[in-house]
Amino acid sequence: MQLRKIAFVLGILGLSLCFMVKPAEAAQNEAIIINKSNNQLAFYEKGTLVKVLPVATGRTKSLTPEGKFSLVNKVKNRPWYKGNISGGDPRNPLGARWLGLKVPGDWGHTSGNIYGVHGTNNPSSIGTYASNGCIRMYNKDVIWLYDRADHNIPVYITSASSSFPALAQKFGVAKAQKAVAGYETFNVNLRYGSKGDAVKILQRKLSITADGSFGPQTLSAVKKFQKSKGLVADGIVGPKTRKALFSK
């Protein structure tokens, strides 16, 4: 009888340990990288880039902290306590979902209730520098992320000119790999005469020959794209054109 009791206790302890390691496994299998230089978020699963989504970050560089953080809480339709607006209210600036980040050190708040990735009631702000420090997303995008991102996964926030595959390698999220078509980005201005990899990314995005040279064909394609988006058709790929290119 005593042996049965011991076996039962050991079984419970073993089961508890199984549940305890799940967050660590999730942290290894998934990761989020946010690049403030082009206001985009990448979601990785098992070292593979799954999706890149546009975001909005802090109005000034210092407002959105940079570093490695953890996703520590998830809330559906979180109320906006400061404005006394309930969750789900169209006026709520936190949108449909909240993914709270543990931001230690000088920032002073570690509960996941101050800094987070969340939806918005102002979709026109996405792609810009507009928040008080949080990371805003389109509501449909934050719902997608909420359904896939587990508690305790690492969240890397940076300002870099590197591609997401390069950043993933740097942070140990994934091994060296080529940029995935459709998820390539660039954060430099391009115009007639420009050359290089950024031009190739632009050309692939416009579904034209990617020779890395911004010539007449690329100029024509850029102007056509700008016109279709209601932008000034000047053929210069600046911030507004880049935002339109990489917004879905």
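Leaving aside its neighbours within four places in sequence, with which residues is isoleucine 32 in contact? In this predicted model, local features require pLDDT of at least 70 and side-chain atom pairs count only at pLDDT 80 or more, while totals for chains, interfaces and linings use all residues. Residues are numbered from 1 along each chain as its sequence is written, and side-chain values use heavy atoms, with hydrogens and water left out.

With contact defined as heavy atoms within 4.5 Å, the partners of isoleucine 32 are Leu41, Ala42, Phe43, Leu71, Leu145, Ala149, Ile153, Pro154, Val155 and Tyr156. Ile32 also belongs to the largest nonpolar core, which has 23 residues, and is listed with Ile34, Val117 and Leu145 as having the most contacts inside that core. A nonpolar core is a set of buried Ala, Val, Leu, Ile, Met, Phe, Trp, Tyr and Cys residues joined through side-chain atoms within 4.5 Å; buried denotes under 20% relative accessible area, exposed over 50% and partly exposed in between (1.4 Å probe, protein chains only). Two or more residues are given to this core by each of β1 (30-35), β2, β5 (67-76), β6 (97-102), β7 (115-118), α2 (139-148) and β10 (154-158). Helix α2 supplies the largest share, 4 residues. Apart from this core lies another, of 16 residues, including Ile208, Ala221, Val222 and Leu245.

Leu245 is also one of the buried residues of helix α6 (residues 239-246), together with Thr241, Arg242, Ala244 and Phe246. These buried residues pack against β2 (40-45), α4 (197-205) and α5 (216-228). Helix α4 contains lysine 200, which counts as partly exposed because its relative accessibility is 31%. Lysine 200 and aspartate 211 are 11 residues apart in sequence and 6.2 Å apart in space, C-alpha to C-alpha.
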